[in-house]
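Please keep the sequence and the 3D view open while reading.

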Amino acid sequence: MTTTDPWQMIFDKAGDLADSLLHEQPKSEFDAVDFEEKVVSVLKKIAYGEVNPREDWSVIIRPVNKKSKLDEEIEKHFEIALRQAVFVRVIFEYDMQKIRANFPEVSQRSMLLRSGEEMLDALSCAQQHATAWRLLKEVRDKSFEARSRNASRVKDEIKEEKKVMLRSMIEPSIERLRPPGGWLTPVLASQDIAKYIVDIFDNLPLSFSMGKDEMSQEIHRLIVKDSRFRKAYETNAKEPIVDPVKMRRVIVKFGYNDQE
């Protein structure tokens, strides 16, 4: 059963990433580390203030020039990736639940969106460092050919994750950015939402390759063609979307028969 909650989708993606990170560990290491115990350990460090996950967002990934530093960098990227995936869980299960329990519904929307944006920051950071971790492992352990195949696979995975993140942000943005009186046209809505989302992605550690104009066109297509986004738009619009009337070209021949 698919969920329509965009934050739940991001939470699920982060959980899948954390699971993947631990199960991609070498068997000799993974057998010694219970999955839940490792996750709980990270949760405790965050809860007790031993680590500040937001500091990871400013970590710049740099090339590793010395083999002696390789293992150290691999470990660092793994820890950051796992910590950020777990941080998504913290925001979703603690911060968002606290907002829903303690604030009136009218105040919840903007607060939930801010927490949701932090979830996106954390997931994006986790993806970035998971990618660096995988690639550095390939550099250490495998041939150039295998490394290239893995890089291509990871690139495709990240591309798909970005699409999911984009779709997850459209629906809450339709409501959050709704002008007084409602949206006038899907075109104006798409342009405003694209600008808002591009501004968010520009501040993420993992850049989004789609530009504002291209994103606006994609959002417009989804609003018009996808029933889920169309419903969200029309709920917050001044008028429902008017589909273009398909004109059928009709050729009428005028003529007469001469009869004597």
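The structure holds 10 salt bridges, a salt bridge being a side-chain nitrogen of Lys or Arg within 4 Å of a carboxyl oxygen of Asp or Glu. This is a predicted model, in which local features need pLDDT of at least 70 and side-chain atom pairs count only at pLDDT 80 or more, while totals for chains, interfaces and linings use all residues. Residues are numbered from 1 along each chain as its sequence is written, and side-chain values use heavy atoms, with hydrogens and water left out.

One of the salt bridges joins D56 and R83, with 2.9 Å from N to O. It links distant parts of the chain: D56 sits in the loop between helix 3 (35–47) and helix 4 (70–102), R83 sits in helix 4, and 27 residues separate them. Helices here are DSSP runs (H or I, at least four residues), numbered from the N terminus. D56 is buried, at 7% relative accessible area, and R83 is buried as well, at 17%. Buried means under 20% relative accessible area, exposed over 50%, and partly exposed in between, with a 1.4 Å probe and protein chains only.

Helix 4 also contains a local pair. K76 and E73 form a salt bridge at 3.3 Å, N to O; both residues lie in helix 4, three residues apart, about one turn of the helix. K76 counts as partly exposed at 31% relative accessibility, whereas E73, at 16%, counts as buried.

A further salt bridge pairs E171 with R228 at 2.8 Å, N to O. E171 belongs to helix 6 (residues 144–176) and R228 to helix 9 (residues 227–235), so this pair ties together parts that are 57 residues apart in sequence. E171 is partly exposed, with a relative accessible area of 23%, and R228 is partly exposed at 23%.

Now to the helix packing. Two packed helices are described by the angle between their axes and the distance between the axes. Helix 4 packs with helix 5 (residues 105–141) at an angle of about 160°, their axes 8 Å apart; axes are lines fitted to C-alpha atoms over the stretch in contact, and angles run from 0 to 180 degrees between N-to-C directions. The two helices are therefore roughly antiparallel, a term for angles over 145 degrees, with under 35 roughly parallel, 65 to 115 roughly perpendicular and the rest oblique. The residues of this contact comprise 24 nonpolar, six polar and seven charged. Nonpolar covers Ala, Val, Leu, Ile, Met, Phe, Trp, Tyr, Cys and Pro, charged covers Asp, Glu, Lys and Arg, and polar covers the others, Gly among them.
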